[in-house]
Amino acid sequence: MERYGPEVPTVEDRENHAARIESYKCWTCNVITRFPRYNHPMKLFETRTGRCGEYANAFTALCIALGHEAREAHDWTDHVWTEVYINEYKRWVHMDSCENAFDTPLVYDKGWGKKLTYVIAMSSHEIVDVTRRYVVDQFANGMRRDKINEEWLAQTLKTKREQMWEM
């Protein structure tokens with residue numbers, strides 16, 4: 001399969017929070033397959049298709065439905081997972097449903113060799129930079145964090161948090 005290009009979301013796609021539709025073309029039969037990037041948990045449970053973003057979305061929704069405080073962690077180098085606050089640990093715990101990983105936040109840095117830049121965790125009531133938890137070498141990470149101004153990021157996250165708290 002090769003990436004064929006983006007498509008326009010249908011009404012059903014938009015109802016299920018799919019703002020982006022990818023399409024792929026089979027090298028053998030030339031059939032084009034649509035891949036809506038659904039973000040509505042019920043649609044994800046129905047289709048059972050997706051990548052890390054969809055699986056993190058569904059898993060985070062399940063955690064919340066079970067009464068846990070949970071949020072998604074978005075890595076700007078292209079991965080998404082879940083963090084759950086566990087009272088017994090008195091902290092947020094890394095959980096990656098794609099990797100069947102529990103409390104192994106350094107798996108991306110040490111295990112995958114990923115050069116993380118920014119990791120932002122988001123829930124319905126907060127947004128916070130959690131990058132430090134996921135990298136071994138803080139200095140090297142600081143050198144890679146050159147996409148945006150650090151003061152701007154801190155202020156933007158603070159403003160967004162305050163807006164969420166006002167809701």
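Student: Is Trp 81 buried or exposed?

Tutor: Trp 81 is buried, its relative accessible area being 1%, where buried means under 20%, exposed over 50% and partly exposed in between, with a 1.4 Å probe and protein chains only. The model is predicted, so local features need pLDDT of at least 70 and side-chain atom pairs pLDDT 80 or more, while totals for chains, interfaces and linings use all residues. Residues are numbered from 1 along each chain as its sequence is written, and side-chain values use heavy atoms, leaving out hydrogens and water.

Student: How many aromatic pairs are found in the whole structure?

Tutor: Rings of Phe, Tyr and Trp (its six-membered ring) pair if their centres lie within 6.5 Å, with planes under 30 degrees apart called stacked, over 60 edge-to-face and the rest tilted; the search finds seven such pairs. One of them is the stacked pair of Trp 81 and Tyr 108, at 4.2 Å centre to centre and 20° between the planes. Trp 81 belongs to strand β5 (residues 79-86), whereas Tyr 108 lies 27 residues away in the loop between β7 (101-102) and β8 (119-122); helices (H or I, at least four residues) and strands (E, at least two) are DSSP runs numbered from the N terminus. Tyr 108 is buried, at 0% relative accessibility.

Student: What is the geometry of the pair of Trp 81 and Tyr 134?

Tutor: That pair is tilted, with 4.9 Å between centres and 55° between planes. Because Tyr 134 is in the loop between β9 (127-129) and α4 (138-144) while Trp 81 is in β5, the pair ties together parts 53 residues apart in sequence. Ring pairs join Trp 81, Tyr 108, Trp 112 and Tyr 134 into a cluster.
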